[in-house]
Amino acid sequence: MLLGLVSAIADTMNYEEMIDFVAESGLECVEAACWPAGKAERRYAGVSHINVDDVLEDDVYAAHILDYAAEKNVTISSLAYYPNTMDADIQKREAAVEHIKKLICASAKLGVNMVTTFIGRDQTKTVEENLELVKEIWPPIIALAEEKGVKIAIENCPMLFGTDQWPGGQNLMTTPAIWRKVFEILPSDNLGLNYDPSHFVWQMIDYIKPIYEFKDKIFHVHYKDIKLYPDRLQEVGTMGYPLDYMSPKLPGLGDVDWGKYVSALTDIRYNGCTCIEIEDKAFEGSVEDVKKSVRLSAKYLRNFVI
């Protein structure tokens, strides 16, 4: 396994500075944020360390992206973009799908051959209604990925935090039960998971057991922790807004048992990229705080990934 970083937290850095930071932190890979230009609607979105339009149109730029990372001994694990491809707003939906298709083509051109994203969800519709949307929206995306030889790894984040995502959240693929249904609808070897255990913690789901069942579908891995606050949970219950009773933390500062998690990954012989995802508000006061959070996370996870 390679240990790396989700680059979205390095939003003040350009591509070269970000790659330098990854290398200086002793990390071997990076999940490179590739959002389209424009203002982000939420935290950790809107970051673009690689311009996929330029990758597709400019061979010199594309070569530079690869050469600079290689010079620093950093592997690009995936091109990352996490929109809502099934947004109720048709214009937003179509824009998200268009950009994902660009990522697929750019990922193939760069030889990365991996895109990490969400499957999306119309948050006002039921699970069953959203499964019908999957049948409508995703087959052309998967067909393009198959044509280009690119794998698509869907993160299992519910995208349900507060009032903006209420009631259903903005990402359908959140549980093993739903994974099975989506994989039946889209039975492609190019569709899999970007597995993040933290999202199972606050959903009260075993984050170890699914690793074994879905071992052939785990294409990419995140390291992010979640801390539950039992006293707050007693006040609002599991039907409350999730951020009312939990908080994202650095690996080792929350409730995930990382030894058991990595042990399960070794059981299934996972040997791909594993990337630290920083969303801990305690480390967002300055650029130095962000850098410290990455160094602390890397130091901790080197107990398990060498």
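User: Before we start, what counts as a polar contact within the protein?

Analyst: A polar contact is a pair of N or O atoms within 3.5 Å, where one must be able to donate a hydrogen and the other to accept it. In this model, which is predicted, the side chain of T274 reaches the backbone oxygen of L2 at 2.7 Å.

User: Which side chain does the side chain of T274 join in a polar contact?

Analyst: That partner is Y223, and the polar contact between the side chains of T274 and Y223 is 3.3 Å.

User: And where is T274 found, and is T274 buried or exposed?

Analyst: T274 is found in strand 10, which covers residues 273-276. T274 counts as buried because its relative accessible area is 0%, and the cut-off for buried is under 20%.

User: Changing topic, how many helices and strands are in the chain?

Analyst: The chain has 11 helices and 10 strands, and 56% of its 306 residues count as buried.

User: How does the radius of gyration of the chain sit beside that of a compact globule?

Analyst: With 306 residues, a compact globule would have a radius of gyration near 19 Å, so the 18 Å of the chain agrees with that. Along the principal axes, the C-alpha atoms fill a box of roughly 55 × 45 × 40 Å.

User: What about charges, how many side chains are positive and how many negative?

Analyst: There are 31 positive and 47 negative side chains in the chain, and the centres of the two sets lie 4 Å apart.

Conventions:
Residues numbered from 1 in each chain as written. Predicted model: local features only at pLDDT ≥ 70, side-chain atom pairs only at ≥ 80, totals over all residues. Heavy atoms only, no water. Helix = DSSP H or I, 4+ residues; strand = E, 2+ residues; numbered from the N terminus. Buried < 20%, exposed > 50% of the residue type's maximum accessible area, 1.4 Å probe, protein only. Rg over C-alpha atoms; globule rule 2.2 N^0.38 Å. Lys, Arg positive; Asp, Glu negative; His and termini not counted. Charge placed at Lys NZ, Arg CZ, Asp CG, Glu CD.
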